[in-house]
Amino acid sequence: MQAIIPYLNFSGKSEQALLFYQDCFAGEVIALMRFKDVQTDMPIPDELLNNIMHCHFKADQLEFMGSDGMPGEQLKSAGNIELNLNFSDLADQQRVFEKLSENGAVTMALQDTFWQARFGRVCDQFGINWMLNCPLVSDKIAK
């Protein structure tokens with residue numbers, strides 16, 4: 001097994017989500033396919049042809065794939081899943097936390113924890129749950 005790459009469904013908001021995450025994480029869309037670009041026997045309503053069937057996003061070690069969802073499918077809530085981001089720089093963690101919080105909901109403000117890290121949780125405007133963790137003590141100092 002190589003890696004787990006989350007696959008996120010955005011219920012018709014992939015375009016906005018990708019622009020938002022490019023700003024948050026200074027990343028790039030490395031692949032994007034719209035329903036109109038694919039030859040399939042599946043009937044796609046005209047109003048959904050421009051929706052994103054598949055995309056792939058990457059920013060440093062952060063990577064995910066996503067979609068607007070399949071026509072006619074109801075997406076289920078993923079309230080039991082959170083994506084954890086590990087940082088080595090407190091300022092970078094603060095910047096990303098503030099960006100993810102825009103039009104989202106802070107579940108736990110960034111704070112110092114008993115495990116020697118600054119940690120916070122946020123549900124972004126697209127319903128994706130994030131945990132942000134940054135060690136306060138480097139491994140070299142702790143030894």
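1. Helices (H or I, at least four residues) and strands (E, at least two) are DSSP runs numbered from the N terminus. Helix 1, strand 4 and helix 2 also give two or more residues each to that lining.

2. A word on the basis: this is a predicted model, where local features need pLDDT of at least 70, side-chain atom pairs count only at pLDDT 80 or more, and totals for chains, interfaces and linings use all residues. Residues are numbered from 1 along each chain as its sequence is written, and side-chain values use heavy atoms, leaving out hydrogens and water.

3. Back to the sheet: four strands form an open sheet in the order 5-8-7-6, with mixed pairing; two strands pair if DSSP finds at least two bridges between them. Strand 5 and strand 6 (105-112) each have a single partner strand, so one side of each lacks a neighbour in the sheet.

4. Strand 6 pairs with strand 7 (residues 117-123) in the antiparallel sense over five bridges. Within strand 7, Arg 121 is the residue opposite Met 108.
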